[in-house]
Amino acid sequence: MTGPAIAPAYAGVDELRRVARELLESGEVRVIIGWEDARRGARPVFITDPAEADKLIFDTRCVHNLVTYLDPRRDHVSELGRIGLVVKGCDAKAVAGLLRESQLSRDHVVLIGMRCGGVLEEGELPEPLALTPENVAPRCYGCDNREPTLTDHLLGEPQPEPPRPVMTIDERVAALDDLPLEERWAFWTEQFSKCVRCYACRQVCPLCICERCIVEKTQPLWIESAAHPRGNFSWNLTRAIHLAGRCVDCGECERFCPVGIPLSLLNRKLQQIVHDRYGYTASDDPENAAPIGDYRLDDQQEFIK
Amino acid sequence: MNSQHSDTFEPRITAFVCNWCTYTGADLAGTSRLHMASNVRIIRLPCTGRIDPLFIVKAFERGADGVIVSGCHPADCHYTSGNYHARRRFAVFHDIMQFLGVDPRRMTFSWVSASEGAKWKDVVNETVANIRELGPYEAYRALAPDAVEPWPEAVDGLTPAGDQEPAAKEVAS
């Protein structure tokens, strides 16, 4: 049995390099943030010299959500000057999230959108593999933003739909929902007990924007900082609900988790909740008000006595 | 859990209430001498909009078996919209806690106005009855078996819950 084939070359890469070079040469941006090829696969790259624009790549290994560099916590990045950022559709939703919450000035960034046909679950590969049900990032299935609209340049050919993964995230969430309460509790407490509290999920998240995170407030201590099951439950729950109605499902928290907690299930459940209750779906339209922080007089209240 | 706890188990319930409606309603219940279970410790906050879901988590961490969150009815908020914001926040919290395996009966959400002393009594009694049925929240305590801080048996001279046996029995029936 042979492994998955190498993906056909992405047609928009030359255009991407040309646009990046022109933006840098004209001085329109000071830095381009995109992906480059490295020994262990695609990785983020900052390019300031127009001659280096040819380093840029775009293929199925470009899993990283580079919008995390626009996070206001990283003011050393914004100090570089106006940024040209290469984005996929999911990444563009994160940019919209920052704009919606006034965390970013639209003038500060030039968005180079790539038409996307899905990415690999794991991007650390020497060659870009063609997507198969086994290797595709599950979140890509059913993506509604493969052609981002919140862009200044939209590049690449229209891409085919990503394949259906062996088990979709929705199916995994539904399987958990079907379990009795005690078994769900057992599942999640076991998952959370693995947590080492490295906060990689928070650091990589483009929308975890608090300058001082609640978990670092120790007077009073809201969330126990030791990596034991009780504090871990509190932390993982808090991280998730602080992103309710804000998460764009870029999957970076789960990908970065060193112990493999299935955070995407928690995030997806929250997306389902805000969709079912408030009809909200994350989009790359900054004018689309987020559900938490907004309200309607006739919101559901069946759970209130 | 089952009703085997009913005889000896006194639920510990923390209530987070808004200053303007439910706290005043609970006060009315008291001044009206309404009989209700004495298992609830009230924490008064300016508004339901001030109640962070983390408060509920913290209550469970400190050994609460159940939590009540209560405030002004829609359109009655002293700050116009605090309860509307809270309603969305707690709807999401209520649903995600169920997904994580927390029994929704451990969390009671209610609207109790300043004139609804009788409703407050009912909310308290129903919650206490529910938690009595569910039993102590051992599953949450098992997350940190050695770390549960002692629950105050008496606060500000109030009688410990155990002394209220007749009232508690009435509630359980």
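**View 1. Pairing of β1 and β3 in chain B.** In this predicted model, strand β1 (residues 13-18) of chain B runs parallel to strand β3 (residues 66-71) of chain B, and five bridges join the two. One of the residues involved is I13(B), whose bridge partner in β3(B) is G66(B).

**View 2. The open sheet of chain B.** Four strands, paired in parallel, make up an open sheet with the order β2-β1-β3-β4 (chain B). Because β2 (40-45) and β4 (107-111) of chain B stand at the edges with a single partner strand each, one side of each is left without a neighbour in the sheet. On average, and with direction ignored, neighbouring strands of this sheet are turned by 20° against each other.

**View 3. Helices against the sheet of chain B.** Helix α1 (residues 22-31) of chain B lies across β1, β2 and β3 of chain B and runs at about 115° to β1(B). Helix α3 (residues 82-99) of chain B also packs on the sheet, where α3 touches β3 and β4 of chain B, and its direction makes about 160° with that of β4(B). Along chain B, from the N terminus on, the elements follow the order β-α-β-α-β-α-β-α-α-α.

**View 4. The contact of chain A with chain B.** The contact takes 32 residues from chain A and 30 residues from chain B. On the side of chain A that touches chain B, the elements giving two or more residues are α5 (181-193), α7 (229-242) and α9 (263-278) of chain A, and α7(A) gives the most, with eight residues. By class, this side of chain A has 19 nonpolar, six polar and seven charged residues.

Technical notes: Residues numbered from 1 in each chain as written. Chains lettered and ligands numbered in written order. Predicted model: local features only at pLDDT ≥ 70, side-chain atom pairs only at ≥ 80, totals over all residues. Contact = placed C-beta atoms within 7 Å. Nonpolar A, V, L, I, M, F, W, Y, C, P; charged D, E, K, R; others polar. Pairing = 2+ DSSP bridges. Axes fitted to C-alpha atoms, helices over the stretch in contact; angles between N-to-C directions.
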